[in-house]
Amino acid sequence: MTRQDFILKWLFYALALLPVWWLDLYVFNRLPVFGVSPRLLPVAAITVAVLEGTVGGAGFGLAVGILCDAVYYGTWGGMTLGLCLLGWGAGAAAKYVLRRNFGGCLLCAAAGLSLLALFHVVSGLFTGLAPLYPLLQVAVPELLYSLCTLCLLYPWFSWIYRRVPKPVGL
């Protein structure tokens, strides 16, 4: 793969992230279910990680994590490192254990979003934000609602993946 192909591939992924970001901020934010809105950006990072592998997933997760820290309230910089590690882990799982299809992406997204929810609940307990039960009343519906958005995001990023240049031999 040439340098130009590499740059074009990640430019297409970045451009594909813009409508997801717009949906996250302006559409799903105004359509709460059980009082919560989904988080589309972490789901997008995990989806690309499943399709692209470990290094691509970690890099895209890092970029999306920086965006999440800028957009989401109360993340304190944790999404940058968290999505980088989740992207690396999802890419490794898809490369060595799971298939790079919707089922593998669903498993990786469920695991990744569960880890993010666990981190938010533990940090909420540690900082004294709220007791455990109210934190779980927010975290569990948010996790499930975010998983439901995978039905929109996986076909979108899969369509992009089929059209971007790939290294020779894949």
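Predicted model: local features only at pLDDT ≥ 70, side-chain atom pairs only at ≥ 80, totals over all residues.
Numbering runs from 1 along each chain, and side-chain values use heavy atoms, without hydrogens or water.

Leu 18 sits in helix 1, residues 3-27; helices are DSSP runs of H or I, at least four residues, numbered from the N terminus. Together with Leu 8, Leu 11, Phe 12 and Leu 15, Leu 18 makes a nonpolar surface patch of about 410 Å² accessible area. For such a patch, residues need over 30% relative accessible area and no salt bridge, with nonpolar side chains joined within 5 Å.

Now, the inside. The whole structure has one cavity of 30 Å³ or more, meaning points on a 1 Å grid where a 1.4 Å probe fits but cannot get out, with lining residues having an atom within 4 Å of a point. The largest cavity holds about 100 Å³. Its lining has seven nonpolar, two polar and two charged residues, among them Arg 39, Met 79, His 120, Glu 142 and Leu 143. Helix 5 (102-127) and helix 6 (132-148) each give at least two lining residues.

Last one, Leu 143: this residue is in helix 6, and it counts as buried because its relative accessible area is 17%.

Terms used
Patch = residues over 30% accessible without salt bridge, like charges linked within 9 Å, V, L, I, M, F, W, Y side chains within 5 Å. Areas by Shrake-Rupley, 256 points an atom, 1.4 Å probe, with all protein chains shown as cover. Salt bridge = Lys/Arg side-chain N within 4 Å of Asp/Glu carboxyl O. 1 Å grid on protein atoms, 1.4 Å probe; cavity = no way out; pocket = protein on both sides within 12 Å on 5 of 7 lines; lining within 4 Å. Points joined across faces, edges and corners; volume = space filled by probe spheres on them. Nonpolar A, V, L, I, M, F, W, Y, C, P; charged D, E, K, R; others polar. Buried < 20%, exposed > 50% of the residue type's maximum accessible area, 1.4 Å probe, protein only.
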